[in-house]
Amino acid sequence: MVLTRTSVALDGRVAVVTGGGSGIGRAIAEAFAEFGARVAVWERERGAAERVAAAVDGLACVTDVRDQAQVDTALAATVAELGVPAILVNNAGGVFRSGLLETSPNGWDALLRLNLGQVLLCTQRVARAMVAGGSGGSIINVSTIEGMRAAPGFAAYAAAKAGVQNFTKTAALELAVHGIRVNGLAPDLTLTESLRAMAPAGEENAKLMVPLGRAGHVDEMAGAAVFLASDMSAYVTGQTLHVDGGTSAAGGWYHHPDGGHYVLGYTR
């Protein structure tokens, strides 16, 4: 196999991006279209879905991916309008603070359903279509660095994202026989609309917390997604790629505010 410039192309492939109406999902949808894919935006906010779909000349599917019937309807519409998906990005998710001692069973269930249950549902439905189509495919699950480290105040969310990372490995093994690769992306501080609303100081804090000295951009996540969706990663499966500026490698080391040298433990 000789790599060429076309090895990264997604020409003619159908891609589904859940939560594609904003943030990382929007950037991935736009990047996929730029590299030649036909994109279906599965997004529960109608306005956002339609705006992004129009921008990428794709298909807007107003869908709550937690709902089995809505997922089945979105998949049927995608197949009818664009064809059988060759790429699925499970990007949809959400978070709210919920301390361990205060978390209710309903809150726990809501976070797991939003961040883990829908990954199983969408993967299962789209993978069945891929298997029936016989052409293989690439599935990309977006988790977070919180899936591999402690997250005080966010136990249910972190547990769900850890589940996504293990699910990625298991799904990769089960689907390998069908030529379907399953990988993941795990960001840290990435400049999205929701991050700015939830942690307005995040961009400033990233200068000390992230080894590269800045927060990530959604297009940097999109670049990694293009790699995992394309033939450039044809022999990569069962992996979660940390697109985090080095945070996962740091393991607790931070830039000191005076001089920028590394110290173990965050210091202001």
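The legends below describe close-up views of a predicted model, in which local features need pLDDT of at least 70, side-chain atom pairs count only at pLDDT 80 or more, and totals for chains, interfaces and linings use all residues. Residues are numbered from 1 along each chain as its sequence is written, and side-chain values use heavy atoms, with hydrogens and water left out.

**View 1. Strand β1 and its covered faces.** Strand β1 spans residues 14-18 and is mostly covered, five of its five residues being buried; buried here denotes under 20% relative accessible area, exposed over 50%, and partly exposed the range in between (1.4 Å probe, protein chains only). Strands, like helices, are DSSP runs numbered from the N terminus (E, at least two residues, for strands; H or I, at least four residues, for helices). In a regular strand the side chains alternate between the two faces of the sheet. In β1, Val14, Val16 and Thr18 lie on one side and Ala15 and Val17 on the other, and all of these residues are buried.

**View 2. The neighbours of β1 in the sheet.** Strand β1 pairs with strand β2 (residues 38-43) in the parallel sense over five bridges, and with strand β4 (residues 87-90), also in the parallel sense, over three bridges; two strands are taken to pair if DSSP finds at least two bridges between them. Together with helix α1 (residues 23-34), β1 and β2 make a right-handed β-α-β unit, where right-handed describes a path that runs clockwise from the first strand over the helix to the second when the strands point away from the viewer.

**View 3. A salt bridge between Arg13 and Asp231.** A search of the whole structure finds eight salt bridges, each defined as a side-chain nitrogen of Lys or Arg within 4 Å of a carboxyl oxygen of Asp or Glu. One of them joins the side chains of Arg13 and Asp231, at 3.1 Å from N to O. Arg13 lies in the segment before β1 and Asp231 in the loop between α8 (218-229) and β7, so the pair ties together parts that are 218 residues apart in sequence. Arg13 counts as partly exposed at 21% relative accessibility, as does Asp231 at 36%.

View 4. The side chains of Arg26 and Glu30 meet in a salt bridge with an N to O distance of 3.2 Å. Because they are four residues apart in helix α1, Arg26 and Glu30 are separated by about one helical turn. Arg26 is partly exposed at 23% relative accessibility, and Glu30 is partly exposed at 31%.

**View 5. The network around Glu146.** Glu146 forms a salt bridge with Arg149, in which the closest N and O atoms are 3.0 Å apart, and a network of salt bridges links Glu146, Arg149 and Asp188. Glu146 counts as buried at 18% relative accessibility, whereas Arg149 is partly exposed, with a relative accessible area of 31%.

**View 6. Cys61 and Cys122.** The structure holds zero disulfides, a disulfide being a pair of cysteine sulfur atoms within 2.5 Å. The cysteine sulfur closest to that of Cys61 belongs to Cys122 and is 11 Å away, too far for a bond. Cys61 counts as buried at 5% relative accessibility, and Cys122 is buried with a relative accessible area of 0%.

**View 7. A nonpolar surface patch.** Leu3, Phe227, Met232 and Leu241 form a nonpolar patch on the surface, with about 340 Å² of accessible area together. Accessible areas come from the Shrake-Rupley method with a 1.4 Å probe, and for residues only the protein chains shown count as cover. Patches are made of residues with over 30% relative accessible area and no salt bridge, with nonpolar side chains (Val, Leu, Ile, Met, Phe, Trp, Tyr) joined within 5 Å and like charges within 9 Å. Leu241 lies in strand β7 (residues 240-243) and is partly exposed, with a relative accessible area of 36%.

**View 8. Asp57 in its loop.** Asp57 is found in the loop between α2 (46-55) and β3 (59-62), and its phi is near 55°, a positive value in a residue other than glycine. Asp57 is exposed, with a relative accessible area of 73%.
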